[in-house]
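Here is a short report on the packing and open space of one protein model. Please look over the sequence and the structure before reading on.

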Amino acid sequence: MKGKKKALSLVLAGMMLFVTACGGGANTDGTGKDGKPAAGNGGEQIYNSLLDNEPTTLDAQKGSDMYGNKIINNITEPLLRMAEKEDGSNEVVPAAAESYEVSEDGLTYTFKLRDGMKWEDGQPLTAKDYEYGIKRAADPATGAEAAFLLAPIKNFNAINSGKSDIPLDELGVKAVDEKTLEVTLESPAVYFITLVPFRVMLPARQDLVDKYGEQYGSEADTVLSCGPFKLTDWTHNSRLTLEKNEDYWDAENVALQTVNLPIMTDTNTIMNSFQVGEVDAVRTNIPEWVEKFSGIENVKSKPVSLPAVDYLAVNHKDKLLSNDKIRAAINLAIDREGIAALISKDFNPPAQGWVPQSIQLDGKEFRKEAGDSYKDLKEANKDVKALFIEGMKELGLGEDPSTVDLTIIYTNSPIVKSTNEFIQQNLNTKLGVNVKLETMEWPILNGRVQKGDYQLAYLAWTADYNDPSAMLSLFTSNAGAVNTGWASEEYDKLIADAAGEKDSAKAFDLYKQADKMLVDQSVIVPLIGASTNSYYYDYVKGVTFSDFTTTGFKTIDTSARP
């Protein structure tokens, strides 16, 4: 393969603070679906994974949450996948595209698709399906939450903004023939190849989208597989089941026959299920469970630093939160060190900006190099309550913070609940405001945020690839993944200039300015980074640990299950 390759990432997280499930439930008697053996010894291989929330959609172009992405990543074949090497680093590997070439000027990527690929119903998988899928993601009418990831592609920003006369057909994506896809960039972007494995670059069938309309991706029978697994069941708010796709081009290297994905939202239920062997793998850094799992003889573990951050989304269209001093006071009143100590016993680092740890630029960790983006804001505002009152007066709300009501919405996880109660106490004690907490299911919360029907929302985000732009491009004007109502031409220019900058030192400086702008203007309120431990039974082989991989369940083998 030709082309520069960089390590990359995963998806957008919904919001499970310190527990992430990478395994799931099975039957307690050791059997799997229909009473068949749950693993090797002559039986079909089964992996018991789980989802800790209901996916909002399995429409690859529209959604952005980690729950749907976990399914989409296994039933849809990207042009390239991001694999984990033995040393823990990542590399781009062939998938639907058996090879690709990059032009000398770095603007044109040509992908050559392999022979004999097809959809679940037998129709050929062609370059035209990828062209349609990418253009559908870029089309503002689609409302793709992660469309901003396509920003490097020629004419994307103009088309996706909906303010240009440039037609969708002029997006820099073209199926030259059935097996050749050509992608043209607006300007060189050294990280572009690391975007290719992700959902906004996935194929779609226009006939299915036209047939099902708004229902596309909402049920198991409204999506078709072209990946290593097929979705055979989706019982909403209960479970999903994947079965091996025998027509997959690389089926001989897929060991699993069945993947069970019950939906478990309660942390203790998840952890107990793993402890008794109903779940094959989980992630957690909750001290009591770390201690318990460390004592199980046939359980292996590995510490994992996640490219993720928990944060409060801020609705800048809200009257109160439209004021920069109000936002800054809220931002500074929250004790991030206290959250780290109270909730994770300092296992998870307090946020020092929007870009979390483990994100790199030219081999160097951005956060370590950039330092604490809060430094200047903290030094300039020692009295946060006085700052809040100044904002109130500017809004004509008087000088008594106790007359102010503020609502935080969040998902119904016990750990997230405890964190928000801690934040509630911080804001009440330091600012004197009345803070109301409102809990709801993830799909409802996500819908509220996208509609702008909130003040503050507790969310989490996991980087989509290993570059600062994976986090920072989220708040450019054309990004639609999180509706804050904030936009800045200056910020847009910083991100665009950094993305096209070949000098990594200059790119770093531009990204650092952007990270600091998000903090200085309290565009969002970063809270805490993410580190965890992966636990898995020793019969599970082929587990990946990096959140930058996209191999899904394809590499897992459970033939050694006793």
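Predicted model: local features only at pLDDT ≥ 70, side-chain atom pairs only at ≥ 80, totals over all residues.

## Nonpolar cores

The largest nonpolar core holds 89 residues. Leu79, Phe111, Ile153, Phe192, Trp354 and Tyr511 make the most contacts inside it. Helix H16, residues 504-520, supplies the largest share of this core, with seven residues. A second core is separate and has 87 residues. Among its members are Val223, Val314, Phe388 and Val525.

Tyr511 deserves a look of its own. Leaving aside residues up to four places away in sequence, Tyr511 touches Tyr191, Leu361, Phe366, Asp467, Pro468, Ser469, Leu472, Ile495, Ala498 and Ala499.

## Largest pocket

The largest pocket has a volume of about 550 Å³. Its lining counts 26 residues. Nearest the pocket centre lie Ala151, Asn157, Thr476, Asn478 and Asp492.

Two or more lining residues come from each of helix H3 (156-161) and helix H15 (489-499). H3 gives the most, with five residues. By class, the lining divides into 13 nonpolar, ten polar and three charged residues.

## Glutamate 101

Glutamate 101 sits in strand E5, residues 97-102. Is glutamate 101 exposed or only partly exposed? Its relative accessibility is 46%, so glutamate 101 counts as partly exposed; the exposed class needs over 50%.

Glutamate 182 is 81 residues away from glutamate 101 in sequence. In space, the two are 9.6 Å apart, C-alpha to C-alpha.

Key: Residues numbered from 1 in each chain as written. Heavy atoms only, no water. Core = buried A, V, L, I, M, F, W, Y, C linked by side-chain atoms within 4.5 Å. Buried < 20%, exposed > 50% of the residue type's maximum accessible area, 1.4 Å probe, protein only. Helix = DSSP H or I, 4+ residues; strand = E, 2+ residues; numbered from the N terminus. Contact = heavy atoms within 4.5 Å. 1 Å grid on protein atoms, 1.4 Å probe; cavity = no way out; pocket = protein on both sides within 12 Å on 5 of 7 lines; lining within 4 Å. Points joined across faces, edges and corners; volume = space filled by probe spheres on them. Nonpolar A, V, L, I, M, F, W, Y, C, P; charged D, E, K, R; others polar.
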